[in-house]
Amino acid sequence: MPNHLIQKYNIPGPRYTSYPTVPYWDASSITPVSWKDSVVRTFEESNSSEGISLYIHLPFCESLCTFCGCHKRITKRHSVESPYIEAVLNEWKSYRNLIDETPRIKELHLGGGTPTFFSPDHLKMLIDGIMEHSQTAEGYEFSFEAHPNNTTREHLKALYESGFKRCSFGVQDYDPLVQKTINRIQSFEQVRQVTDWAREIGYTSISHDLIFGLPHQTLENVIDTIHKTNQIAPDRLAFYSYAHVPWIKGTGQRGFSEKDLPENETKRALYETGKELFSDFGYEEIGMDHFALKSDSLYQSLLSKKLHRNFMGYTASKTELMLGLGMSAISDSWYAFAQNEKSVPEYEARANSGELPIFRGHLLTDEDRIIRQHILNIMCHFETNWNEPDSQFPELEACLLKLAEMETDGLVEIEKNKLVVPEHARPFVRNICMAFDLRLMRDAPDARVFSMTI
Ligand SMILES: C[S@@+](CC[C@H](N)C(=O)[O-])C[C@H]1O[C@@H](n2cnc3c(N)ncnc32)[C@H](O)[C@@H]1O
Ligand code: SF4
């Protein structure tokens with residue numbers, strides 16, 4: 001991609017794990033009652049067919065990685081585990097009371113923070129508590145995120161016995177200077193060891209998270225990290241663009257300055273080189289920043305057009321109800337979004353009192369749902385069309401005007417009411433979605449809200 005296009009399009013923009021994006025939620029559009037109604041409605045529409053998804057946020061980590069943009073709480077006190085699990089199970093009970101039927105769980109994901117901060121026994125207690133009044137849907141997938149430094153064989157075994165077959169390990173980069181700068185020292189041997197354990201136990205899909213654009217990271221570092229990764233050959237890879245968002249409260253991004261970050265063309269070169277290497281090593285590109293071996297379910301769902309994207313990232317199947325449990329977790333009922341309290345004490349107090357611990361949300365308008373579908377089509381399949389009346393909206397002309405400029409720049413191909421993102425333009429997918437983002441178009445943020453798109 002020519003440098004002038006990278007300069008032109010590298011602007012702040014959303015990652016579109018939802019539409020509308022969180023800063024554009026209209027809190028006044030939703031009440032606790034309308035949120036509950038939307039959950040019940042989608043549950044009734046979908047539980048007997050595909051089932052529902054559960055995301056459980058386990059926020060604790062023992063030490064702070066200074067690049068991290070996740071919702072986490074740093075502590076070495078493991079006494080936080082039991083009360084937190086109790087609160088999550090109470091929140092689940094409130095949802096079950098609302099639904100008043102046995103939920104069928106298609107996807108369950110433990111994210112964080114670091115789920116393996118919790119002891120194997122506590123994780124088992126959590127999953128047993130969730131499954132006590134639930135059943136698994138056909139083809140269910142249980143997965144979790146793990147830090148290689150604190151994942152033991154016992155963690156992997158306990159979760160496998162509870163139905164988990166997929167896990168992702170945070171790796172980021174193997175270079176000692178990069179690791180020191182981000183306060184995250186972890187060896188290749190450690191990552192190989194936990195991956196080997198997981199395979200021996202029977203996990204069928206193992207993923208590694210890598211990041212490009214970290215402080216002090218060079219092209220040589222990325223090449224070396226990917227060669228090392230290839231020796232372990234995980235089934236999936238996330239290759240995230242480093243999101244520099246130090247202005248967001250609680251991220252704790254520090255210990256380096258912006259001049260230590262590779263930017264624009266340098267950062268793009270890291271991605272392009274990584275992508276070429278992944279392809280050489282047999283990985284297929286899945287949506288934005290994900291790669292998978294052809295044998296992995298994510299690639300199979302891309303082929304069968306079942307690939308979906310939500311707050312968990314890319315998922316192999318589309319469930320219309322995704323309940324997020326735990327501090328800061330976001331739920332999606334297809335008609336509405338809701339986010340839980342972001343402080344652990346407030347979350348626990350409200351969950352334990354029997355109310356849903358949500359503090360903000362958004363009820364989608366008809367227009368939101370149409371735009372959301374276009375954005376999902378582009379993020380998952382790199383194409384969308386507006387042939388049918390239910391894919392059209394009044395401001396389509398204004399969007400097409402924006403897209404015309406991108407067409408001239410070679411980022412999209414438009415013909416007969418259909419837009420296709422050519423392979424070379426995939427790094428610009430966030431910019432292309434922005435052309436459909438009517439809420440952003442109507443009200444551009446005046447402060448820094450989003451990370452850079454490239
Ligand atoms: C919750 S963490 C993974 C589990 C575990 N806590 C660990 O660090 O190994 C999820 C992933 O988000 C990614 N991530 C976190 N902060 C990021 C940032 N600022 N930019 C891009 N990716 C980020 C990292 O790749 C990380 O592995
Ligand atoms: S990268 Fe993982 S371990 Fe590090 S602070 Fe973030 S969530 Fe915790």
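## Shell of ligand 2

Around ligand 2, the shell residues comprise four nonpolar, three polar and one charged. Here Ala, Val, Leu, Ile, Met, Phe, Trp, Tyr, Cys and Pro count as nonpolar, Asp, Glu, Lys and Arg as charged, and the others, Gly among them, as polar. The residues in question are C61, C65, F67, C68, G113, T114, H147 and R184; a residue is near a molecule if one of its heavy atoms lies within 4 Å of it.

## Basis of the model

The model is predicted: local features need pLDDT of at least 70, side-chain atom pairs count only at pLDDT 80 or more, and totals for chains, interfaces and linings use all residues. Residues are numbered from 1 along each chain as its sequence is written, chains are lettered from A and ligands numbered from 1 in the order in which they are written, and side-chain values use heavy atoms, with hydrogens and water left out.

Helix α4 covers residues 120–131, 12 residues in total. Helices (H or I, at least four residues) and strands (E, at least two) are DSSP runs, numbered from the N terminus. From first to last C-alpha α4 reaches 16 Å, close to the 16 Å expected at 1.5 Å a residue, where the expected span is 1.5 Å times one less than the number of residues. Its buried residues (under 20% relative accessible area, 1.4 Å probe, protein chains only; exposed is over 50%, partly exposed in between) are P120, H122, L123, L126, I127, G129 and I130. They pack against β1 (52–58), α3 (81–99), β4 (104–112), α5 (153–161), β6 (164–172) and β13 (322–325).

L159 belongs to helix α5 and, at 1% relative accessibility, is buried. Leaving aside residues up to four places away in sequence, L159 touches L110, L123, I127, F144, F164 and Y203, with contact meaning heavy atoms within 4.5 Å. L159 and P120 are 39 residues apart in sequence, and their C-alpha atoms are 7.5 Å apart.

## Aromatic rings

The whole structure holds 23 aromatic pairs. Rings of Phe, Tyr and Trp (its six-membered ring) pair if their centres lie within 6.5 Å; planes under 30 degrees apart count as stacked, over 60 as edge-to-face and the rest as tilted. W25 and F337 are stacked, because their ring centres are 5.5 Å apart and their planes at 10°. W25 lies in the loop between α1 (3–9) and α2 (32–46) and F337 in strand β15 (residues 336–340), so the pair ties together parts 312 residues apart in sequence. Both W25 and F337 are buried. Elsewhere, ring pairs join Y140, F142, F144, Y160, F164 and Y203 in a cluster.

R41 lies over the face of Y335, 3.8 Å from the ring centre. The charged end of R309 sits over the ring of Y314, 4.8 Å from its centre. The criterion is NZ of Lys or CZ of Arg within 6 Å of the ring centre and within 35 degrees of the ring normal.
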